[in-house]
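Please read them with the structure open beside the text.

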Amino acid sequence: MSSFRALQAWRASYADPIIVRAGDVLTLTGKSDLWEGHLWLWARNAAGREGWVPDRLVNQDGETARAAFDYSAQELTCEAGSILFGTWHLNGWVWCRRADGAEGWVPEKHLQAC
């Protein structure tokens, strides 16, 4: 686990983010975005929840797309100067935990190792 200082505030973008488990079927809409040099795909899970997923999450088997690993698109709201603890880097984001225990993704460019 690494410690980071938030260089600027970040606000979570989605109130009800997509969540998938390894092996879940995904419906890819064809919408994609190249963000900070990383490819993101717009997907829908079996429950109908939609959101951006990293391209590395998707295993394509013929016409069926499946999640390669567990993933939640939950973002973490934080203030500039906050100390966060990061555990996972993925497509330009870091999975972080605040001191109060809340967890989610923060853009890597908003963080400085400390």
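1. Basis of the notes. This is a predicted model, in which local features need pLDDT of at least 70 and side-chain atom pairs count only at pLDDT 80 or more, while totals for chains, interfaces and linings use all residues. Residues are numbered from 1 along each chain as its sequence is written, and side-chain values use heavy atoms, with hydrogens and water left out.

2. Strand β7 and its two faces. Strands here are DSSP runs of E with at least two residues, numbered from the N terminus.

3. Partners of β7. Two strands pair if DSSP finds at least two bridges between them. Strand β6 (residues 58-61) runs antiparallel to β7 and is joined to it by four bridges, with V58 as the bridge partner of A67. The two strands form a hairpin with two residues between them, and G62 in the turn has a positive phi of about 65°. Strand β3 (residues 25-35) is also antiparallel to β7, through two bridges, and L26 stands opposite A65.

4. The five-stranded sheet. An open sheet has the order β11-β10-β9-β1-β12, with antiparallel pairing. Because β11 (103-107) and β12 (111-113) stand at the edges with a single partner strand each, one side of each is left without a neighbour in the sheet. Within this sheet, four bridges join β1 (residues 2-6) to β9 (residues 83-90), and F4 stands opposite L84.

5. Residue A102. This residue lies in the loop between β10 (93-97) and β11, and it counts as partly exposed because its relative accessibility is 24%. Although A102 and T77 are 25 residues apart in sequence, their C-alpha atoms are 9.0 Å apart in space. Leaving aside residues up to four places away in sequence, A102 touches L76, C96 and R97, where contact means heavy atoms within 4.5 Å.

Methods: Buried means under 20% relative accessible area, exposed over 50%, partly exposed in between (1.4 Å probe, protein chains only).
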